[in-house]
Amino acid sequence: MRSEYGWRKAVACEWSILPPSSSSIHLCYSYLDEIHRITAKKYIPTDADVLKARLKTMGVVEHTFSIPSGSNRGVEWRIFDVGGSRNQRQAWAPYFEDVNAIIFLAPISVFDQVLAEDARVNRLEDTLLLWKSVVSNKLLANVNIVLFLNKCDLLQAKLDAGIRLNQHMVTYGDRGNDYESVSKYFRNKFGALHQSYTPNKERELYIHLTAVTDTRRTAVIIATVRDIIIKGNLRNMRLV
Ligand SMILES: Nc1nc2c(ncn2[C@@H]2O[C@H](COP(=O)(O)OP(=O)(O)OP(=O)(O)O)[C@@H](O)[C@H]2O)c(=O)[nH]1
Ligand SMILES: [Mg+2]
């Protein structure tokens with residue numbers, strides 16, 4: 001087995017030959033920081049280890065659960081997790097007719113990365129195009145949409161490291177390269193696309209800045225989202 005120093009050196013070398021799309025390298029580093037724990041004979045993955053793992057969704061994965069207590073006790077929730085990569089998106093269509101809400105995760109830290117599927121395409125530009133096609137879809141006109149501007153922790157780290165948004169997105173111009181300005185810009189950009197392209201001008205868009213690997217904070221956001229979805233469904237059924 002390589003020593004910790006050896007691993008770091010190997011990863012550092014790899015870093016220099018990999019394209020900037022290799023966000024997994026950051027994750028390698030966080031696993032490497034805990035190499036002794038992870039390579040121990042009796043290693044049992046923690047929840048955090050599982051969260052950090054990159055497990056690409058293939059097809060559509062369904063999860064069903066109900067909440068055991070509280071006012072929504074007994075309500076059955078069905079969640080469909082769909083693969084986001086380009087070759088997975090054709091699998092989404094059959095689910096569009098029957099959903100009550102969509103939670104769209106847009107990774108806003110990827111502004112300096114390209115698609116694994118096509119190195120000519122900037123990942124954030126691709127996300128914006130996908131967002132536009134989802135919000136403009138007529139089949140989804142009455143579906144509540146919640147937008148998670150996700151990977152905010154990685155965005156903050158990149159900006160703190162001096163990576164400039166305007167080098168990758170010229171429309172950003174000479175605005176400040178700090179987290180507040182950048183996140184506000186993305187909030188407005190995604191919001192404006194929804195405003196322009198939604199077939200349902202009454203639809204309210206809910207936007208949250210998230211780092212979903214922070215489970216404590218995400219639990220609070222999910223509780224808010226759950227209430228929004230329930231209220232939206234009741235409204236659609238004209239019960240309130
Ligand atoms: N630091 C950080 N890592 C995140 C965040 N959200 C997801 N990740 C990590 O990003 C990687 C990709 O997450 P996945 O859940 O596999 O990505 P996905 O968007 O479902 O991708 P597909 O299944 O291909 O659609 C994993 O290693 C996650 O731990 C976040 O907010 N912050
Ligand atoms: Mg997935």
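Before reading the pattern, a note to myself: helices (H or I, at least four residues) and strands (E, at least two) are DSSP runs, numbered from the N terminus. The model is predicted.

**Entry 1, the overall chain.** I found 9 helices and 5 strands in the protein chain. Reading along the sequence, I wrote the order down as α-α-α-α-β-β-α-β-α-β-α-α-β-α. Then I looked up burial: of the 240 residues in the protein chain, 15% are buried. For contacts with a separation of 6 or more, I noted that 66% join residues 24 or more positions apart.

Which residues come nearest to ligand 1? I listed Arg-54, Lys-56, Thr-57, Gly-84 and Ala-211, out of 18 residues around the ligand. By class, I noted 7 nonpolar, 6 polar and 5 charged residues in the shell. Ligand 1 lies between domain 1 (4-52) and domain 2 (99-236), because both give residues to its shell.

Next I went to the loop between α6 (123-136) and β4 (144-150), where Leu-140 sits. Is Leu-140 buried or partly exposed? I put it down as partly exposed, because it has 19 C-beta neighbours inside 10 Å, and buried would take 20 or more. Setting aside neighbours within four places in sequence, I found Leu-140 in contact with Phe-96, Ile-102 and Val-134. For Ile-102, 38 residues away along the chain, I noted a C-alpha separation of 9.1 Å from Leu-140.

Key. Residues numbered from 1 in each chain as written. Chains lettered and ligands numbered in written order. Predicted model: local features only at pLDDT ≥ 70, side-chain atom pairs only at ≥ 80, totals over all residues. Buried ≥ 20, exposed ≤ 12 C-beta atoms within 10 Å, placed from the backbone. Contact = placed C-beta atoms within 7 Å. Near = placed C-beta within 6 Å. Nonpolar A, V, L, I, M, F, W, Y, C, P; charged D, E, K, R; others polar. Domains from an automatic or database assignment.
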